[in-house]
Structures are given as C-alpha cells and as structure tokens.
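Thanks for making time, everyone. I'd like to walk you through one model today, going from the overall fold to a few side chains.

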Amino acid sequence: MVSRKFSPFIAAVAGAAIFAVTGYAQAFAGHGGHHGSSALGACMATAPKSVKTGLRSTFKSSSLRTDEKAVHTAKQALDQAILAKSTSLTADEAALSAAELKVIQDRDAIAQNVCGQLSQAQLSAASTLYTDLQSNRQTVRGYFQSARAAAGE
C-alpha cells in the first residue's frame, strides 16, 4: 500500500530528473522554449563526447547570440512604441516577428547540426527519449493537476 502512495511522487521526481537532462542543452543553447531545443536535448543525451565537445564551437560559429540581441532590441522598440501611444504597431511587430523567426531558425540549425552527427542507433535512442519525455510531461502535468484539485484549487 505504501508503494502506491509514493508511486505518483516517484514518477514526478523521475520526470523532473529527465527534464533536467534536456534542460542542460536548453540552458547551453540560450533560453530554450522552442521545439528545436527539445530535440537538441534528446540528441545531447545520446551524443558521444566528441559531439558534445564540439558544441561550444557550433554555438560560437552560429549567429544565435547576435539574433537573440536583435529580438531584445525589437522588443524594446515595440515597448517604446506602445508607451508612446503609437497608433500603428505593425512595423515594430513585424520586426519582432522576423527577429524571433531568425532565432528559431538558428536554434533549429544547431539542433539539426548536432543530431546530424549521431549514428542511426544514437538518433533512434534520441527519438525514443524525445517521445518518452513528451509523454512523461503530460503524465507529470496530470499529477500536478490532481494535486491542485485535491488542494481545492
């Protein structure tokens, strides 16, 4: 009976630990949050040390940092336009969208580069890990929803 009480807790902790693995790649890649980062996390978990060692140069040779700065600048311009009560935000919104798209493309290219260096067996393991992580994410969400419901929220 005790194991049943702790089973959801253990699953939640295991899910959190698994997310930490993908969090490593997301933190290393910048801010994460995009599907390319999740793929990168799964590929990094199955990548040999030689691929991981080359990751720093992959990031340095990309335009990701510059493009992230462009997103920041575009967000500031949009905020300033809003604060100035501008009647048209279209140009600022378009500039922000274009900058965000470039960052997404940069992250996808990095993930594609890293995943492209994997053997078929490593890539298959990464794909399985990615699928399992998505499933576990839903399971863990369900545990937290149940806990909130039990708490009366």
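Before anything else, one term: a residue is buried if its relative accessible area is under 20%, exposed if over 50%, and partly exposed in between, using a 1.4 Å probe and protein chains only. Please keep in mind that this is a predicted model, where local features need pLDDT of at least 70 and side-chain atom pairs count only at pLDDT 80 or more, while totals for chains, interfaces and linings use all residues. Residues are numbered from 1 along each chain as its sequence is written, and side-chain values use heavy atoms, with hydrogens and water left out.

Okay, the overall picture. The chain has 7 helices and 0 strands, where helices (H or I, at least four residues) and strands (E, at least two) are DSSP runs numbered from the N terminus. Read from the N terminus, that gives α-α-α-α-α-α-α. Of the 153 residues in the chain, 27% are buried. The chain exposes about 9,700 Å², with carbon and sulfur atoms supplying 58% of that; those areas come from the Shrake-Rupley method with a 1.4 Å probe, and for residues only the protein chains shown count as cover.

Next, contacts, meaning heavy atoms within 4.5 Å. If you take the contacts between residues at least 6 apart in sequence, 76% of them join residues at least 24 apart.

Now the inside. A nonpolar core here is a set of buried Ala, Val, Leu, Ile, Met, Phe, Trp, Tyr and Cys residues joined through side-chain atoms within 4.5 Å. The largest one has 21 residues, and Leu40, Cys43, Phe59 and Val114 have the most contacts inside it. Helix 2 (35-46), helix 4 (55-61), helix 5 and helix 6 each put in at least two residues. Helix 6 gives the largest share of this core, 7 residues. As background, nonpolar side chains tend to be buried together in soluble globular proteins.

The link is right-handed, at 110 degrees about the S-S bond. Cys43 sits in helix 2 and Cys115 in helix 6, 72 residues apart, so the pair links distant parts of the chain. And are these cysteines buried or exposed? Cys43 is buried, with a relative accessible area of 4%, and Cys115 is buried too, at 14%.

On to charges. A salt bridge means a side-chain nitrogen of Lys or Arg within 4 Å of a carboxyl oxygen of Asp or Glu, and the count comes to 4. Which residues are linked in a network of salt bridges? Arg65, Glu68 and Arg107 are.

Let's take that network apart. Glu68 pairs with Arg65, the closest N and O atoms being 2.8 Å apart. Those two are 3 residues apart in helix 5 (residues 64-83), so about one helical turn separates them. Glu68 counts as buried, at 13% relative accessibility, whereas Arg65 is partly exposed at 43%. Glu68 also meets Arg107, at 3.0 Å from N to O. Arg107 lies in helix 6 (residues 90-116) and Glu68 in helix 5, so this pair ties together parts that are 39 residues apart in sequence. Both Arg107 and Glu68 are buried.

Another salt bridge joins Lys102 and Asp106, at 2.9 Å from N to O. Both are in helix 6, 4 residues apart, about one turn of the helix. Lys102 is partly exposed, with a relative accessible area of 35%, while Asp106 is buried at 6%.

Asp67 counts as buried, at 12% relative accessibility. Setting aside neighbours within four places in sequence, Asp67 is in contact with Ala99, Lys102, Val103 and Asp106.

Last stop, helix 7. The expected span of a helix is 1.5 Å times one less than its number of residues. For the 31 residues of helix 7 (residues 120-150) that should be 45 Å, and the end C-alpha atoms are 45 Å apart, which agrees. The buried residues of helix 7 are Ala126, Leu133 and Val140. Just after helix 7, Gly152 takes a positive phi of about 90 degrees.

Conventions
Disulfide = S-S within 2.5 Å.
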